[in-house]
Amino acid sequence: MRKVFFGVLIVLADLLVVSVPLIAHHGAAALDTGKEITLKGTVTEWIWSNPHCFLKFDAKDDTGTVRNWTVETQNPTTMTLRGWSRTSFKFGDEVTATVEPVKNGGPIGRILHVILPNGQKLIAANATTPGSTPAAPVPAR
Amino acid sequence: MLNSILVLMVGIFIAALGFPVATLAQNSSPGGWLSPDWEKPPITDENRKPAPRRNLAGMWHPAGGPGAGTQAGGVQLKPNNGRPENQLPYTPYGLQLYRSHKALEGIDAVLPAQDNDPRNLCELLGMPRYSHYNVRLTQIFQDEYKVVILYQYDNRWRIIWTDGRELPKVVEGGVEMGGEVREQRFFGYSVGRWIDDYTLEVQTVGTMPEDRVWLDSTGRPISDQARVTETFRRIDYDTMEWSETIDDPKVYTRPWETLKLPMRLHDPRTDVMEYYCSPVEQEKYNKLLGNAASGK
């Protein structure tokens, strides 16, 4: 019964994640399309600008090295519609970001969603291709 | 106990189905600055109001909601996704032009540092590309002489003259009107006529040459020989259909339809966020992400 309960709970939680259509402002040629990685880190900067907003944060990779990630969203007009704002982040916020990284392995990518310090989840986009498999989260430093 | 919790979770889930993410920013009015209403009810026989005669004025948005007019992958009716039905009737010169365009979108997209799209220098998109890129809150005003369209993207506007003046004749390097050769324009020269009380047909010629403007974000070309024909058909009070056909014998072997966009009327007091192209912010983007993502 307990397994059935948690199974139903997981299904319900998945369905509650609202599917947001990917509005491709620009191409995905640089992205490792379909790949998702989840990073826990500390915000260093949040830039609210056209053509894309940027979130910069420090996060450890698998080797324990801290890298400063730069991940983009869509433009402010689109992000406002999704509940984001120029004050969504501040320096020092501890966040969990799921991103679609670039192919060349740099600490760069496109934000899919971010979990804020208060637990709120901000959704930016869906992965470029369906059926991607999320990787295990990287622990914060 | 677990059964009670399960029932509660199902109830919350069912409630959440009626709370789409857009509700977060929908129809609020902070200090009287109205946000767009994305939850408008569909127009039915019960709530349909008659269309005003010869009147397109209003605050319009693609009826499909936010993003419906983005057209990042190419013009609405022919996205550049490689499918056979979306192949365009290029002339040899048109195909050569297309291949010279390094776009960030579409089937032949390149890395950010390799593109040569004038858009990414914040160059004016021109007509008709403003109708093929981020069509969002679109305001139409009119008087007895003209219809004016205000695009949200980059705060651009264009004039469609409805006072009976003649459409200029396209000549090499410009247009001819009244015996005088005039300059090419990013928005061209547009003349409209009401073909019935609810349909405005617009012709535009005299647009910029193909080395200055593209047709869409995937690199499809358009030349200064193009004739753009649009129809704005007011279906009822709240809905309009915006259609467009391109006839450009320099780059396409035949006319083809680019757009058939249903539009929905919004509250005229709706706040229109700026969605601008800033060279300063574009350069920042290139430094922060574009170049690095391209391995530069």
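A: Let's begin with burial: 38% of the 296 residues in chain B are buried. Here "buried" means that 20 or more other C-beta atoms lie within 10 Å of a residue's own; with 12 or fewer it is exposed, in between it is partly exposed, and the C-beta atoms are placed from the backbone. Keep in mind that this is a predicted model, where local features need pLDDT of at least 70 and side-chain atom pairs count only at pLDDT 80 or more, while totals for chains, interfaces and linings use all residues. As for names, residues are numbered from 1 along each chain as its sequence is written, and chains are lettered from A and ligands numbered from 1 in the order in which they are written.

Chain B has 3 helices and 12 strands. These are DSSP runs numbered from the N terminus: helices are H or I with at least four residues, strands are E with at least two. The C-alpha atoms of the chain fill a box of roughly 85 × 55 × 40 Å along the principal axes. Two residues count as in contact when their C-beta atoms, placed from the backbone, lie within 7 Å. Among chain B contacts between residues at least 6 apart in sequence, 62% join residues at least 24 apart.

Now for the core itself. A nonpolar core is a set of buried Ala, Val, Leu, Ile, Met, Phe, Trp, Tyr and Cys residues joined through C-beta atoms within 7 Å. The largest one has 38 residues, and B:Tyr130, B:Ile222, B:Met240 and B:Trp242 touch the most other members. In chain B, the elements giving two or more residues to this core include helix H2 (92-100), strand S1 (58-62), strand S3 (146-151) and strand S12 (256-266). S12(B) gives the most, with 4 residues. Leaving out residues up to four places away in sequence, B:Trp242 touches B:Glu230, B:Phe232, B:Leu259, B:Leu261 and B:Met263. Another core, of 37 residues, lies apart from this one, and among its members are A:Leu55, A:Ala59, A:Val71 and B:Ala293.

Which residues of H2(B) are buried? They are B:Gly94, B:Leu97 and B:Tyr98. Looking down the axis of H2(B), you'd see these buried residues fall within an arc of 100° (taken over the directions from the helix axis to the C-beta atoms), so they line one face of the helix. There's a handy rule behind this: an α-helix has 3.6 residues a turn, so residues three or four places apart point the same way. On the face turned away from the buried side, H2(B) carries the exposed residues B:Pro92, B:Gln96, B:Arg99 and B:Ser100.

Follow the chain past the helix and you reach the loop between H2 and strand S2 (138-142) of chain B, where B:Pro128 lies. The peptide bond from B:Met127 to B:Pro128 is cis, with omega near 5°. B:Cys122 sits in the loop between H2 and S2 of chain B too. Its phi is near 65°, a positive value in a residue other than glycine. With 18 C-beta neighbours inside 10 Å, B:Cys122 counts as partly exposed.

B:Asp154 also has a positive phi, about 65°, although it isn't a glycine. You'll find B:Asp154 in the loop between S3 and strand S4 (156-161) of chain B.
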